[in-house]
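Please look over the model shown here and work through the questions that come with it.

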Amino acid sequence: LSGSFAKDINDNFAYTIPISIKAGYEFHPLGRLSIPLYLGVGIAMTSWKENFTVDSFFRPGFGFYFDWNFEWSFGMDFSYWFIPQLSSNTKEQNSLVNFMDITLSAEYHF
C-alpha cells in the first residue's frame, strides 16, 4: 500500500494513489544477504485543486536485506516513481513526475 499526500506553498492539497502490478526477483549473493529487484507498472490517480488525472506509472526498485534469523530480515528499499503526465492539450501543462522513496524495512517470514 503506498501513496503520496502533500500540501503546496499556497495550502492546496495534492494526492497520488498508484495501482500497479509488481514483478520481482531476489538474489542471495552472500549467505545471509538478500537483494530484491522489482518493477511495478500501472496507473496513478492524481488530484490537485480541481484537477484529477489518471496516468501511467512506473516504479523500479531494489533493496538490501540482512537475514537476522529464519523469521526476521532487516534492511532498506530504494524505489523510483516515474509518472509521465502528458494528457494536457497544451505542451506547457505536460509534466514528468519523479519521486524517490527510501524505506527502512523489517520483514517477517512465515
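The questions below concern a predicted model and take up its sheet and its salt bridges.

Q: In what order do the six strands stand in the open sheet?
A: The six strands form an open sheet in which the pairing is antiparallel. Strand 1 (4–7) and strand 6 (95–108) each have a single partner strand and stand at the edges, so one side of each is left without a neighbour in the sheet. From one strand to the next the twist averages 25 degrees. The order is 1-2-3-4-5-6.

Q: Which residue in strand 4 is the bridge partner of W48?
A: Strand 3, residues 33–48, pairs with strand 4, residues 51–67, in the antiparallel sense over 14 bridges. Within strand 4, the bridge partner of W48 is N51.

Q: How far apart in sequence are the parts that the pair of R59 and D101 ties together?
A: R59 and D101 form a salt bridge whose closest N and O atoms are 3.0 Å apart. Because R59 lies in strand 4 and D101 in strand 6, the pair ties together parts whose separation in sequence is 42 residues.

Q: Is D11 buried or exposed?
A: D11 forms a salt bridge with K7, and the closest N and O atoms of that pair are 3.6 Å apart. The cut-off for the exposed class is a relative accessible area over 50%. The relative accessibility of D11 is 52%, and D11 therefore counts as exposed.

Q: What is the relative accessible area of D101?
A: D101 is the salt-bridge partner of R59. Partly exposed residues fall between the buried limit, under 20%, and the exposed limit, over 50%. D101 is partly exposed, and its relative accessible area is 23%.

Key. Residues are numbered from 1 along each chain as its sequence is written. This is a predicted model: local features need pLDDT of at least 70, side-chain atom pairs count only at pLDDT 80 or more; totals for chains, interfaces and linings use all residues. Side-chain values use heavy atoms; hydrogens and water are left out. Two strands pair if DSSP finds at least two bridges between them. Helices (H or I, at least four residues) and strands (E, at least two) are DSSP runs, numbered from the N terminus. Axes are lines fitted to C-alpha atoms, for helices over the stretch in contact, and angles run from 0 to 180 degrees between N-to-C directions. A salt bridge is a side-chain nitrogen of Lys or Arg within 4 Å of a carboxyl oxygen of Asp or Glu. Buried means under 20% relative accessible area, exposed over 50%, partly exposed in between (1.4 Å probe, protein chains only).
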